[in-house]
Amino acid sequence: MRVPVRRAGIAVLFVAIAATAALVTNLVWYGDDDPRPAVAAVDVPADGYAYLTDHELAVVRDATVVGRALGRFSNADPHWTGDGKFAFAVSGDAEERVVVVDWAGTATAVVCDCLTAAPGTDGKIVWVSQGRLWTLTPGTTQAEAGRAVPPPPSTAAGDPTVVGSDGTRVFLAQETVASASITSDRLLAVDAGGAVKVVEPDTGSVELMRPGGVGPTGPLAYVVAHREDPCRHRRDVHLLGPDGTVEVTDTAAVGGTERDVGRSVDDLWWGRDGRLYATMSSWRCVEWSGNTMPIQPHGLWRLDGRRWVAVDGTESLAWRQLGAGRLAFVDLNGVLHTEHDGRRTKVAEGVRAIHAPVVGGAPDAAAAASGRPVPTYGQLVLSPNGVGPIVLGATSRAAERAGLVSVDAKGDCVSWTGKGALAGLVAYPDQQGRASYMSVFEGSLRTATGAGIGTKLADLRRDYGGKLREYVSPVSDNYRAYFVDEGPNSMVFLPIDGDRVKAVLIGPTDGMQGLVDSGEVYC
């Protein structure tokens, strides 16, 4: 039986643009001692990619949308066929459809009755429905029913779902337990002859797979989610090598490996420099409030060997380096931009995900994702609003990029510890990951007048004059401090033995008076 065709509900915008062939790079993984197999060039524009919103799948050349189709894509990922000629995603309508858009702007939709679809072999699209593997040749509107897929175990809810292909085999994720609270899949590989091999017998939910190139020449990368509750869920990246070996990559630097924390892998892609990239973030679950506190904000990470390292200056929801000086990225507000040699053009809003197709050629080191320049700072002085890049209401990202702070998490407390020129500073973020107040109990940090740890109170009075306000707590005469106010914020000098400064606090004035009243600094 063939899956029926449905064209209703698809809106298409066509813009005639002549597609230019481009030989760029092959998306393959390589280690220090591994060969870098090349793939055949395909007729794919090097500046092209696709984006997905909750209601739209679109294909873009540079900063111009050349075709789009409407649908319901809130649970979908964008994909490209293996030959890079068609973008597609599953629309979750009353009848699920595979929606396809090509470089000419032509859109089609085929009813699939499926949860997911993935790139198949020979430039085709595959999915599972009615216990069978279905195949669609893009540009046509009739899907062909193939072999039956392995039946689900008695404990599972339904058929497996397709997660990807390596050019010769199709990979299926089969739920092993029918439960909304338990994440347990087995990963299966089905070859052209129908033989089924178990790749991972019991892992978390397999969510997204990206092949390392056309054909089984490099490992496949895929995201596996482990969910304990709505907050404590962690995503890892697994690599499946050509020899069948599965490795779990090291995400320790991202965070989310301790108790009561979570980690997300929001995007995964092979760069045109031949390396694997991911957009990741981590957070701490705050038991008493039910909220979360950021540990690492959304940003781009690169796999070096088997360890993930941060790519400086890439705070974003998604990032694609299309070539040297050319990129597409989604900022933290969901706005998609294309950037070419520093010239930025807004493309769309409300963007959930982007993805670029495989192109031909060899890995190109010039196409490595590089991010924004790392900022530098001159003399760092304490003020009522902060110090250097650590400013009240700001995130830690700029300071991290400059190597001036590290993020520490202990229990429900997240703090930023100063390093180098900021040694001695400890800042505390709010639930949105922005600095709420900070303290200095040691080190050589100073104000513009030279005040800091050990400064005599007599010198404070001389240097600040009428700007220095003495505050005596109503709780106890023993709790007193000296405030320098600026707008709603204050820099507070805490004395020791009534003679010298033992600590400096910076934060909102009311909050700083509360800390003085309590007699302690707490997270």
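Tutor: Start with a cut-off. A residue is buried when its relative accessible area is under 20%, exposed when it is over 50%, and partly exposed in between. Keep in mind that this is a predicted model.

Now the close look. Take the salt bridge between Arg-469 and Asp-485. The closest N and O atoms of this pair are 2.9 Å apart. Arg-469 sits in strand β40, residues 468-472, and Asp-485 sits in strand β41, residues 480-486. How open is each partner? Asp-485 has 36% relative accessibility, so this residue counts as partly exposed. Arg-469 has a relative accessible area of 27%, so Arg-469 is partly exposed as well.

A network of charges comes next. Asp-459, Arg-462 and Asp-463 are joined by salt bridges that share partners. One of the contacts runs between Asp-459 and Arg-462, with N to O at 3.1 Å. Both of these residues belong to helix α2, which spans residues 457-464. They are three residues apart there, which puts about one helical turn between them. Asp-459 is partly exposed, with a relative accessible area of 26%. Arg-462 reaches 58% relative accessibility, so Arg-462 counts as exposed.

Step back for a moment. Side chains of opposite charge can pair when their charged atoms come close. The structure holds 17 salt bridges. Another of them joins Arg-68 to Glu-56, with the closest N and O atoms 2.5 Å apart. Arg-68 lies in strand β5, residues 64-70, while Glu-56 lies in strand β4, residues 56-61. The pair therefore ties together parts that are 12 residues apart in sequence. Glu-56 has a relative accessible area of 14%, so Glu-56 is buried. Arg-68, at 21% relative accessibility, counts as partly exposed.

Which charged residue is buried yet has no salt bridge? Look at Arg-272. Its nearest side chain of opposite charge is Asp-47, and that is 7.6 Å away. Arg-272 is found in the loop between β22 (261-270) and β23 (276-286). The side chain of Arg-272 does reach a backbone oxygen, that of Pro-357, at 3.2 Å.

A disulfide is a covalent bond between the sulfur atoms of two cysteines. The structure holds two of them. One joins Cys-231 to Cys-285, with S to S at 1.9 Å. The torsion about this S-S bond is about -105 degrees, so the disulfide is left-handed. Cys-231 is in the loop between β19 and β20, and Cys-285 is in strand β23. That pair links distant parts of the chain, 54 residues apart. Cys-285 is buried, with a relative accessible area of 4%. Cys-231 has 15% relative accessibility, so Cys-231 counts as buried too.

The other disulfide joins Cys-112 to Cys-114, with S to S at 2.1 Å. Its torsion about the S-S bond is about -75 degrees, so this one is also left-handed. Both Cys-112 and Cys-114 are buried.

The strands on either side, β19 and β20, form a hairpin with five residues between them. Strand β19 covers residues 220-227, and six of its eight residues are buried. Eight bridges join β19 to β20 (residues 233-240), and the two run antiparallel. Leu-220 stands opposite Leu-240 in β20. Strand β19 also pairs with β18 (residues 205-210), again antiparallel, through five bridges. Here Ser-205 has Ala-225 in β19 as its bridge partner.

Finish with an open sheet. Four strands form it, in the order β10-β11-β12-β13, with antiparallel pairing. The edges are β10 (118-119) and β13 (143-148). Each has a single partner strand, so one side of each is left without a neighbour in the sheet. Two bridges pair β10 with β11 (residues 125-129) in the antiparallel sense. Ala-118 stands opposite Val-126 in β11.

Technical notes:
Residues are numbered from 1 along each chain as its sequence is written. This is a predicted model: local features need pLDDT of at least 70, side-chain atom pairs count only at pLDDT 80 or more; totals for chains, interfaces and linings use all residues. Side-chain values use heavy atoms; hydrogens and water are left out. Buried means under 20% relative accessible area, exposed over 50%, partly exposed in between (1.4 Å probe, protein chains only). Two strands pair if DSSP finds at least two bridges between them. Lys and Arg count as positive and Asp and Glu as negative; His and the chain ends are not counted. A salt bridge is a side-chain nitrogen of Lys or Arg within 4 Å of a carboxyl oxygen of Asp or Glu. A polar contact is a pair of N or O atoms within 3.5 Å; within protein, one must be able to donate a hydrogen and the other to accept it, and residues adjacent in sequence count only if both atoms are side-chain atoms. A disulfide is a pair of cysteine sulfur atoms within 2.5 Å.
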